[in-house]
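This briefing is meant for a reader who is meeting the structure for the first time.

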Amino acid sequence: MKKFVLAIATSGLIAGCSSPTPDCSSDEATDLVIEITQDEMASYVGSSLAESLEYTLEGIRTREHDESIDTYLCAAELTISGLPQGSS
């Protein structure tokens with residue numbers, strides 16, 4: 001099991017222009033982080049293995065919120081489990 005500290009900035013890019021930016025722990029934001037992580041993992045270990053891994057976000061917290069432009073700076077611990085023995 002590997003743990004990574006992940007800082008992401010969620011912005012209006014993941015939300016429609018007319019709706020507010022989702023906060024750090026929203027399903028939309030966490031699903032996007034996991035999707036990006038899975039895509040990045042696929043480039044290193046291949047799609048098949050990347051899709052078989054389990055990705056979990058814990059300790060999600062808001063580090064900053066700029067209300068004037070409605071952006072968040074988020075942090076979380078990302079756990080990736082299901083790696084075959086001997087993988088690092």
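This is a predicted model: local features need pLDDT of at least 70, side-chain atom pairs count only at pLDDT 80 or more; totals for chains, interfaces and linings use all residues.

**A loop residue and its surroundings**

Asp70 is found in the loop that runs between strand S2, residues 54–66, and strand S3, residues 71–81.

- Although Asp70 is not a glycine, its phi is positive, at about 50°.
- Leaving out neighbours within four places in sequence, the residues in contact with Asp70 are Pro20, Thr21 and His65.
- One of these contacts, Thr21, lies 49 residues away from Asp70 along the chain, and yet the C-alpha atoms of Asp70 and Thr21 are separated by 6.2 Å.

**The chain as a whole**

- The chain contains 2 helices and 3 strands, and, read from the N terminus on, these elements follow one another in the order β-α-α-β-β.
- The chain has 88 residues, and 25% of them count as buried.
- When contacts between residues at least 6 apart in sequence are considered, 54% of them join residues that are at least 24 apart.
- The accessible surface of the chain amounts to about 5,800 Å², and carbon and sulfur atoms account for 50% of that surface.

**Thr37 in helix H1**

- Thr37 has its place in helix H1, which covers residues 27–45.
- Is Thr37 buried or exposed? Thr37 is buried, because its relative accessible area is 12%, and buried means under 20%.
- Once residues up to four places away in sequence are set aside, Thr37 touches Tyr55, Leu78 and Ile80.

- Which residues form the negative surface patch? The patch is made up of Asp27, Glu28, Asp31, Glu35, Asp39 and Glu40.
- Asp39, one of the residues of this patch, lies in helix H1, the helix in which the buried Thr37 also has its place.

Definitions and conventions
Residues are numbered from 1 along each chain as its sequence is written. Side-chain values use heavy atoms; hydrogens and water are left out. Helices (H or I, at least four residues) and strands (E, at least two) are DSSP runs, numbered from the N terminus. Buried means under 20% relative accessible area, exposed over 50%, partly exposed in between (1.4 Å probe, protein chains only). Contact means heavy atoms within 4.5 Å. Accessible areas come from the Shrake-Rupley method with a 1.4 Å probe; for residues, only the protein chains shown count as cover. Patches are made of residues with over 30% relative accessible area and no salt bridge: like charges are joined within 9 Å, nonpolar side chains (Val, Leu, Ile, Met, Phe, Trp, Tyr) within 5 Å. A salt bridge is a side-chain nitrogen of Lys or Arg within 4 Å of a carboxyl oxygen of Asp or Glu. Lys and Arg count as positive and Asp and Glu as negative; His and the chain ends are not counted. The place of a charge is taken as NZ of Lys, CZ of Arg, CG of Asp or CD of Glu.
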